[in-house]
Structures are given as C-alpha cells and as structure tokens.
Amino acid sequence: MSKLYITTPLYYVNDEPHIGHAYTTILADVISRIYRMQNNDVFFLTGTDEHGQKVQEAADKRNVSPKDHVNEYVKRFKDTWNKLHIDYDYFIRTTDRKHMNRVKAILSELYKKGDIYFDEYEGLYSVSEERFITEKEKEEGNFREIKRIKEKNYFFKMSKYQKQLISHINKHDNFIFPPSRKNEILGFINNKLNDLCISRPKSRLSWGIELPFDNDYVTYVWFDALINYISAIGYGKDEKKFNHYWPADYHLMAKDILTTHCVYWPTMLMACNIELPRTIFAHGWWLFDNIKMSKSLGNVVKPLDIADEYGADALRYFLMRNMVLGQDASFTLDAFVDRYNADLANDYGNLVNRIFILISKHFNNHIPEKGEYDSIDLQLIADIKKLQSSAIKNYNILKIHDAIENSISIFRKVNKYLEDKAPWKTIKKDKALTGTTIYIASEILRIGTTLLFPVIPKKAKEVLDSINSKPSDNTSFGKLTENSKIKIIKNIFPRIVD
Ligand code: MSP
C-alpha cells in the first residue's frame, strides 16, 4: 500500500465559494477516490485562509470581531463541500491554535538561524494584494491600489536559496506541472530574487499571527498560510504522522498562485531543512463570460446552483469531463446541458433504465444466469477489457477527462450491443440466451459504474448498491453474482428539457 498526500489551496474565507474553488476541490476529491479505490493510504487536505487585511476590514464593516466573522464564514465552505460530496480527511483553518503555534515555532527557528532579519524598506505596496511589488510587476498592470510605503519590517532571506531552488527545478521534471509553466517560474527566479517581507506592523493590521520575537508585528498571510501543508499533518508535533505523509504528492491549485507555491514555499522549506513537495500542480481557469448570455436554464444563474437543481454528481461530471488538465475551459450552461444530456441522461441513464426494465419484467428482479458466450459476446467482453484498462491507466496519469471518456464508451458499446442482440425480441423465443445477454450487459454496467465512482460517487453508489456491488470491487469481467436479487432504481439522470 502506498500513500497519497494531496492538498487544495486554503481558500480566502471571505470569498463566497464559487465554481473555481469547487473545481480544485472536486479534482482533489476525485484523485483521492481513485487512489483509495486502489487501496492506497490517502490524506486529502483542504481548508481556509483566515488572516489578513481583507478579513479584518470585512469584520469591521459587519461590526463583528474577526474571530466571529471567520467562524461564521467558514461554514459556507464546509457546507458547499458537503453538498458536493467532498470526502476530505482534514479541514484546516489558519486560525486553528495548533497551526498558529507551528507558524510561531518556525518563525522563531528561522529568526534564531539568521534567516529572518529586520530592515527598513521603501517600496511599492499593493493594498488589494497585501504585498510589496516590484516596478516590473507594477508595469505589468495586475495590481491595484498601489502606494509607496517606507516601513520597518522583518524579511525572510529568500535570495539565499535561489541557486538551490533553480537546481531543484532543473533536476526534477515533475516538480512543476504542467511542464510549460516551468520556464515561467525559472524566468522569475533567474532574475534577481528579492528577500520576502514576512511581517506587517500591527499599527496597520492586527488580525494575524503575532511574531514570537516582536509583538508589534503580525505575520504576512502567505507565510502563515503556506505552512498549513505541514502543520496539518503534525510537523513538529507528531513526527510519525508527518514522516508518513510528507512530502506532499500533489499541491493542487490554478495558475494564479503558482509563483507563491513554486518560490516562497520551497525556499521556506529549504530554510527549515524539509524535503520539497513532489508536484506543484497548476490547472487552468474556468472562464465564465458566456454564462450571462445563456438563458436556456431560466432561473439557474450561479454555477453552484446547478448542484441544487441537477445534483452534485452532474456538476462534478461536467467539471471533470470538460476541462483538460492544464488548459482553460469555458463554463456555459449550454455546454453543461449538452454534456449532461449526451453522456449522463442518454448513454448512461438510458442504459440503466433499459437493463433494469428487462430484469424486472422478465427475470423477477434477479440477475439472470449466464450461458455460453457467442462471438458477439466475446468481442464485446474483449473491447470492454481494453477500455477498462485504458480508463485505469488514464486515471493514474491524471488524464481524468480521457478516463471518463473511456468509461462512457463502455456504456455506448453496451447500448449498441443491446440493439444488435435485441433481448426484448429474443425473450419470446429463447430465455436462456436472453439471460446471457442481460447478464453481460449488467456486468458491464457494473464495471463502467465502478470506473465512474470517483467522479459521480453518489449516483454510482446507488447503482452499485442496487446490484449488490461495491466501489472497491474489482473492475475485471465476471464478478456479478448470478441469481442475486436487485433493487430496481429508475431515472438516475433524467433528461434536461429546455
Ligand atoms: N488563500 C490563497 C491560497 C493560499 S494556499 C496556502 C488563495 N485563495 S483563493 O480563494 O483565491 O483561491 C485560489 C484558488 O481557487 C485557485 O488557485 C484555484 O485553485 C481556485 N480557483 C479560483 N478561481 C478559479 C477559476 N476561475 N478557475 C479555476 N480555479 C479557480 O489564493
């Protein structure tokens, strides 16, 4: 049994959870389920980023303390993940006492070691992003509310680790995914790498982790938040657990926060003498422009409402099937409806209906016995074997959209097989032969459903339960028990009609 440690970013607690947050978290959940199904020991971490200027301001505006504010707002994330069937192992909040103590311990250690120093700095500060920026970054135009600030602060000697980081990136092909982003990061660090300002004076911001060596300052939010990836698994506290799960196998995120993860985080780890994560994984953006133009679903406007209206599994399916990892994808209601109707309602839902109707009508709700296989049966079984092994291969190399396509092709093949064999006709003449056809179709329905379980866990479990099977059952042909009684379910993915 091997382990998988996978993380999502810690989302800003002030934000209302949206489709972008949902995508990364569902992706982490799908990957976790793929690994769990293959009996690996998985630790899936998500959580919220709860300190900083914006939280303090939002709490002030609402006339509540920052602590009450975050305690209330964190529920929106937890409820959303619940609704989307996210099975995380731990939800970390940067206001957790345990996490805060770890951040302080690391700050003390680095201060003692001389990797943190006090200095006066004059530079450009983006109030909206809460960080100092360079002239070049200002010119690129991605930062707002820029002020020139002269201030005494604490700095982390990031520049000291520049060479070591460049060499690590060059030596480890899997460290940054997709590889196309590697050059972007190398371009950033091959230039002069500045030290990182890791404090904020309390006169400006008090909602943060106080520096253990100077109580006039709090810790910069990124320095605080990144440490979650090690504090959550017991760094400095539960060495056994930490050594078991670390290094992280995947830090998932979108490309917006790749630099902080590929530059700040590894240099912080190097300073603490901790091994670097295996892969920092940046997926593309969901683009929403078209959504406002689509009126086809009437009152459904917010993407997360789709989960309420059509079920979380349908949303999970669409997000996983329509984004190629590493590339951007466009979210429109029309695309959602097209994908849902073609794959879930038509190829999958219809197949479930067809098989269950035949079993209830002609076999008294029992899986029929199988007889001799003819050449059409054998050809189908061989085709399914190939599709099943490519689905597993694609899942394991994280080509999730391809693995889904392989699984849906399995259903398409069975639909075609049923049309060729026409069991609704042969039943009148030859019950045993029809039984074999239906056994084969049901068994392949089980295989395809098991393969889709990581993506549509609730619906897949309903189908598997109804035929007395489990998601952890083997996906090779021949497991389904003849003569077992099934529970008839209907219309798992009803067609959406405009
Ligand atoms: N708090 C920081 C992360 C700290 S991690 C130690 C942060 N939070 S965030 O709430 O802004 O989350 C950013 C992440 O949300 C992205 O990296 C991505 O995972 C997800 N997404 C937000 N919008 C997205 C899209 N439109 N498309 C895809 N993913 C998106 O940054």
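**View 1. Salt bridges across the predicted model.** A search of the whole structure finds 34 salt bridges, where a salt bridge is a side-chain nitrogen of Lys or Arg within 4 Å of a carboxyl oxygen of Asp or Glu. The model is predicted, so local features need pLDDT of at least 70 and side-chain atom pairs count only at pLDDT 80 or more, whereas totals for chains, interfaces and linings use all residues. Residues are numbered from 1 along each chain as its sequence is written, and side-chain values use heavy atoms, with hydrogens and water left out.

**View 2. The salt bridge of Glu140 with Lys136 in helix 5.** The closest N and O atoms of Glu140 and Lys136 are 3.5 Å apart. The two residues are 4 residues apart in helix 5 (residues 135-140) and are therefore separated by about one helical turn; helices (H or I, at least four residues) and strands (E, at least two) are DSSP runs, numbered from the N terminus. Glu140 counts as partly exposed at 47% relative accessibility, while Lys136 is exposed, with a relative accessible area of 54%; here buried means under 20% relative accessible area, exposed over 50%, and partly exposed in between (1.4 Å probe, protein chains only).

**View 3. The salt bridge of Lys182 with Asp173.** The closest N and O atoms of this pair, Lys182 and Asp173, are 3.4 Å apart. Lys182 counts as buried at 15% relative accessibility, whereas Asp173, at 56%, counts as exposed.

**View 4. The salt bridge of Glu405 and Arg321.** The side chains of Glu405 and Arg321 meet at 3.1 Å, N to O. Because Glu405 lies in helix 16 (residues 400-421) and Arg321 in helix 13 (residues 312-322), the pair ties together parts that are 84 residues apart in sequence. Glu405 is partly exposed at 23% relative accessibility, and Arg321 is buried at 15%. Salt bridges that share partners join Arg321, Arg339, Asp343, Asp347, Glu405 and Arg412 into one network.

**View 5. Strand 12 and its pairing with strand 1 and strand 13.** Strand 12 (residues 250-254) is mostly covered, with 5 of its 5 residues buried: Tyr250, Leu252 and Ala254 lie on one side, and His251 and Met253 on the other. Strand 12 runs parallel to strand 1 (residues 3-12), joined to it by 2 bridges, and two strands pair if DSSP finds at least two bridges between them. The bridge partner of Thr7 in strand 12 is His251. Strand 12 also runs parallel to strand 13 (residues 279-283), with 5 bridges between them, and Tyr250 stands opposite Thr279 in strand 13.
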